[in-house]
Amino acid sequence: MWNRFIKNDKGFTGLEAAIVLIAFVVVAAVFSYVMLGAGFYTTQKSQEVVHTGVAQASSSLAPSGDIIVLGGTDVVAEPDVPAIDSITFYITNTAGGSAVDLDKTIITYTDLDDFATQAHLETAGVEDGAWTYEGIIETTTGASNLVEKGEKYKIELSLLQTGDTGVPDNPLCLTSKPVVNEKVKIEVKPPEGAVLILERTMPPSITAGQYYTVY
């Protein structure tokens, strides 16, 4: 009888099975935790990529009003040839668009002969670059450099060069100014969001000191 009790290992077999089962459960739980964590991380990153893509693709700026040019003369290429001295246009924030920091915005100018890019330049609080901005309709809560919902800003792009009166400290480096019937393109590149592109044709006749609306 004693030998029968010693050789009976059914209880040990059940214990081993229980240990193996518990091991399987623990491994499955750890694996599930790892997979769920990786899934949540991937989902979060995917959402961030989508949100970033939407922000980059959507535009926060829109034109508002006419584009006006000021007639002058070309002192760079051909003196006394009628040409355009400056281009003025207006921008506003699109519906649902985020605020745009004009201090971090870049403007690119392109015509038949030139391609020039310049960020907003300011020294000791004074704008000294080729383009300046001014709030026409501003809210009382936001910063003056931010184009926010419901606001309207005027941007003036100077095409004056060395030899002109009133040339800015940091002018655009142009080989010539736009003349009659010449097409120009202005790209307003905010720090985030789509680029605002404005393309216009200069007037068929230019007189120094006269303003023209261009289309």
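This note sets out several local features of the structure shown above.

1. Basis of the note. The model is predicted: local features require a pLDDT of at least 70, side-chain atom pairs count only at pLDDT 80 or more, and totals for chains, interfaces and linings use all residues. Residues are numbered from 1 along each chain as its sequence is written, and side-chain values use heavy atoms, with hydrogens and water left out.

2. The nonpolar patch. Ile22, Val26, Val30, Tyr33 and Val34 together form a nonpolar surface patch with about 530 Å² of accessible area. Patches are made of residues with over 30% relative accessible area and no salt bridge; nonpolar side chains (Val, Leu, Ile, Met, Phe, Trp, Tyr) are joined within 5 Å, like charges within 9 Å. A salt bridge is a side-chain nitrogen of Lys or Arg within 4 Å of a carboxyl oxygen of Asp or Glu. Accessible areas come from the Shrake-Rupley method with a 1.4 Å probe, and for residues only the protein chains shown count as cover.

3. Val30. This residue of the patch lies in helix α2, residues 10-57. Helices (H or I, at least four residues) and strands (E, at least two) are DSSP runs, numbered from the N terminus. Val30 counts as partly exposed because its relative accessibility is 48%. Buried means under 20% relative accessible area, exposed over 50%, and partly exposed in between (1.4 Å probe, protein chains only).

4. The loop between β11 and β12. Lys177 is found in this loop, which runs between β11 (152-158) and β12 (183-189). Lys177 counts as buried because its relative accessibility is 1%. Its side chain is joined to that of Asp164 by a polar contact of 2.8 Å. A polar contact is a pair of N or O atoms within 3.5 Å; within protein, one must be able to donate a hydrogen and the other to accept it, and residues adjacent in sequence count only if both atoms are side-chain atoms. Leu160 is in the loop between β11 and β12 as well, and is buried, with a relative accessible area of 13%. The C-alpha atoms of Leu160 and Val76 are 9.3 Å apart, although 84 residues separate the two along the chain.

5. Positive phi values. Most residues other than glycine have a negative phi. Ala124 has a positive phi, near 55°; Ala124 lies in the loop between β7 (122-123) and β8 (126-127) and is exposed, at 81% relative accessible area. Asn181 has a positive phi near 65°.
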